[in-house]
Amino acid sequence: MNYTKEVMENNIRRENSLINFISHEIRSRINAITGFSQLLAEADQSDENRKKFARIIQECSDNLVLIINNIWEISNIETGGVKIAENEVDLHQICIDISEKFREEAFHKKLIFKSEVDVVVTDSIVLSDKERLVQIISSLLINSFHNTFTGSIVFGCFVRDGFVEFYVTDTGTGIPEKDKPEIFNKFYKTGNAILKTYPGAGLGLTLCKSLVEAMRGEIWFTSTEGSGSDFRFKIPHKRALIAQDSEPIQDSGVSVQKNRKKVVLVAEDDNLNYSLIKTYLSKLDIILIRAENGQVAVDLCNSNNVDLVLMDIRMPEMDGFTATRIIKSTKPDLQIIAQTAF
């Protein structure tokens, strides 16, 4: 067997194993959701069991969405479909927000958890992609919390040599030497435990690496088995120009009659999705109206005093992008929020 043929066959075997792995991860969670949903509907279940089943269904649903989102994002990055934004980002505020997100988990696991931001005020407002930064740091922290049972987890950032360097350091189980070369590969988990399931299914670090590189940065780690790990990444430090003595932000100018109930238009063709949104908004003192496609959304906005639109992106007859452009052409101040399963 020549080298080229052997490489091709190895690649085919690897791709088949990845497909089988994805199928296993997704099917296992769907089976759990289906099974516990059926149990939840049984009349003789205790309240305690119902709460337990609902929690399991929610966890499986969250994990399933996470897996699909990670696969989708990695695929998009590899094909050049992901664009990195450059907006004003406050490094101090990012770390505060992330600290709050993980504080409860640290409390329950009895871990020391803290953030350290060694950045002066003039360097703390940067041009970057806030969503991606939060995503990368959160993914590294999820890894640390998964592998740390005693001790501490510390994360933070500092500016050095034209880069912002972020780090997540823990006193967890660490990474065996044989696993280190593979740690950023798709679906790889330490100890070669490929089929051990936990949130993310071995895609978190792969996605982190892809996102960091898309942001023109670099990611690396040091780790000692049994003593913890230190993951770091850096991105170019682009300081934002903050306007001095700026005028206070004015309101949008949208005039709303006092004591009138706000009208929210939901443009959504899927009945289940609309039912979910309707349930979420049911406690608000608003008038909810529905458009089943983009053309109906345009017509309803023209014939009703609508205060807010929740606009699905993919709909029959007219998509959300087209409908939004038409609505904005006559009502530029109307607030429209995009919503999509993607």
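I started with Glu-86, which is partly exposed at a relative accessible area of 42%. My scale for that: buried is under 20% relative accessible area, exposed is over 50%, and partly exposed is in between, using a 1.4 Å probe and protein chains only.

Housekeeping before going on. This is a predicted model, so I kept in mind that local features need pLDDT of at least 70 and side-chain atom pairs count only at pLDDT 80 or more, while totals for chains, interfaces and linings use all residues. Residues are numbered from 1 along each chain as its sequence is written, and side-chain values use heavy atoms, with hydrogens and water left out.

**Entry: salt bridges**

Which residue forms a salt bridge with Glu-86? I found Lys-238 there, with the closest N and O atoms 2.5 Å apart. The rule I used asks for a side-chain nitrogen of Lys or Arg within 4 Å of a carboxyl oxygen of Asp or Glu. Lys-238 sits in the loop between strand E7 (228-236) and strand E8 (262-267), and Glu-86 in the loop between helix H2 (47-78) and strand E1 (87-90), so this contact ties together parts 152 residues apart in sequence. For the labels: helices (H or I, at least four residues) and strands (E, at least two) are DSSP runs, numbered from the N terminus. Lys-238 is partly exposed too, at 35%.

Searching the whole structure gave me 10 salt bridges. I noted Asp-230 with Arg-232, at 2.7 Å from N to O. Both Asp-230 and Arg-232 are buried.

Arg-290 is partly exposed at 22% relative accessibility, and Glu-292 is partly exposed at 46%.

**Entry: aromatic rings**

How many aromatic pairs does the structure hold? I get nine, with Phe, Tyr and Trp (its six-membered ring) pairing if the ring centres lie within 6.5 Å; planes under 30 degrees apart are stacked, over 60 edge-to-face, and the rest tilted.

Phe-184 and Phe-221 have ring centres 5.9 Å apart and planes at 65°, so I logged them as edge-to-face. They link distant parts of the chain, 37 residues apart: Phe-184 is in the loop between strand E5 (163-170) and helix H6 (204-214), and Phe-221 is in strand E6 (residues 218-224). Phe-184 is buried at 15%, and Phe-221 is buried at 16%.

Phe-184 also pairs with Phe-231: the centres are 6.4 Å apart and the planes at 90°, so this is edge-to-face. Phe-231 is in strand E7, so the pair ties the loop between E5 and H6 to a part 47 residues away in sequence. Phe-231 is buried, as is Phe-184.

Elsewhere, I found Phe-102, Phe-113, Phe-145 and Phe-155 linked into a cluster by ring pairs. Lys-234 lies over the face of Phe-163, 4.6 Å from the ring centre; the test is NZ of Lys or CZ of Arg within 6 Å of the ring centre and within 35 degrees of the ring normal.

**Entry: helix H6**

Is H6 enclosed or open? Eight of its 11 residues are buried, so it is largely enclosed by the rest of the structure. Among the buried ones I listed Leu-205, Leu-207, Cys-208 and Leu-211. Arg-216 follows H6, and its phi is positive, near 60°.
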